[in-house]
Amino acid sequence: MRTSGRSSGPPGTFFRCVLTSILLSAFCVCSAHAAPPKSPSVLVLHSYHSGMRWADSISRGIRSVLENPTNTPIHVFTEYMDTKRIATDGYFEELHRLYKMKYAASRFDVLIACDDDAFGFLRRFRDDIFGPVPVVFCGVNYFRGDLLADFPFCTGIVESFDLRKTIDIALKFHPETRQIVYINDQTATGRANRKRLEEIIPEYSGRV
């Protein structure tokens, strides 16, 4: 199952509602293979660091669902990959070794991947570290359906904004514009957004 949604700001009510529904779906996937433990365990894997407003808002949205005292207690584990500061191949390999050692005796019911680096990391290493545990993702940019072709038991929320309409409305109000400057970074999110931009640039050939 794949759920996509448009996001123009930090997750709020929409994120909590969708997270609730897809977590229920993920737990159903678990139960189809083995009875879930009495107290389910969830690992939240953040791409970025604690204290970053975006990451903290996602954490609040997740906690608002998982820490509901009226529900069955859920053990929540949280890891911050800190990829705004370092995101080399060698670093991801070290995280792979660390998590494999740290969670060798743990059995999770759901893995939550927050943003592109966490999603990419789980696509690459999930089975080796955790086994075929269901994954719920959020905040993933430049999502394509084929990303799930060899990655079963996965669903989530796509972070999407309309670049084409953003440029069109800018040109509508400023028709004399001949140059647009796109400020970006080299994070996984930045690279994904650049791919989206490069797809539509030819449409403006001769205009800007």
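User: What share of the chain's contacts with a separation of 6 or more comes from residues 24 or more positions apart?
Analyst: This is a predicted model, in which local features need pLDDT of at least 70, side-chain atom pairs count only at pLDDT 80 or more, and totals for chains, interfaces and linings use all residues. Residues are numbered from 1 along each chain as its sequence is written, and side-chain values use heavy atoms, with hydrogens and water left out. Contact means heavy atoms within 4.5 Å. Among the chain's contacts with a separation of 6 or more, the share from residues 24 or more positions apart is 74%.

User: In what order do the elements run from the N terminus on?
Analyst: Let's count them: the chain has six helices and five strands. They are DSSP runs numbered from the N terminus, with helices (H or I) of at least four residues and strands (E) of at least two. Read from the N terminus on, their order is α-β-α-β-α-β-α-β-β-α-α.

User: What percentage of the residues is buried?
Analyst: Buried means under 20% relative accessible area, exposed means over 50%, and partly exposed lies in between (1.4 Å probe, protein chains only). Out of 208 residues in the chain, the buried part is 44%.

User: What kind of aromatic pair do Tyr99 and Phe121 form?
Analyst: The whole structure holds 13 aromatic pairs. Rings of Phe, Tyr and Trp (its six-membered ring) pair if their centres lie within 6.5 Å; planes under 30 degrees apart count as stacked, over 60 as edge-to-face and the rest as tilted. Here the centres are 5.8 Å apart with 85° between the planes, so the pair is edge-to-face.

User: Where do Tyr99 and Phe121 lie?
Analyst: Both Tyr99 and Phe121 are buried. Their pair links distant parts of the chain, 22 residues apart: Tyr99 is in helix H3 and Phe121 in helix H4.

User: Is the pair of Tyr103 and Phe130 stacked, edge-to-face or tilted?
Analyst: Tyr103 lies in the loop between H3 and S3 and Phe130 in the loop between H4 and S4, so their pair ties together parts that are 27 residues apart in sequence. The ring centres are 6.2 Å apart and the planes meet at 45°, so the pair is tilted.

User: How many disulfides does the structure have?
Analyst: A disulfide is a pair of cysteine sulfur atoms within 2.5 Å. Cys114 is buried, at 0% relative accessibility. Its sulfur is 4.1 Å from the closest cysteine sulfur, in Cys138, which is too far for a bond. Across the whole structure, the number of disulfides is zero.

User: Which residues are in contact with Ile180, leaving aside its neighbours within four places in sequence?
Analyst: Ile180 sits in the loop between helix H5 (163-173) and helix H6 (188-200). Its relative accessibility of 43% makes it partly exposed. Beyond its sequence neighbours, Ile180 touches Ile167 and Val208.
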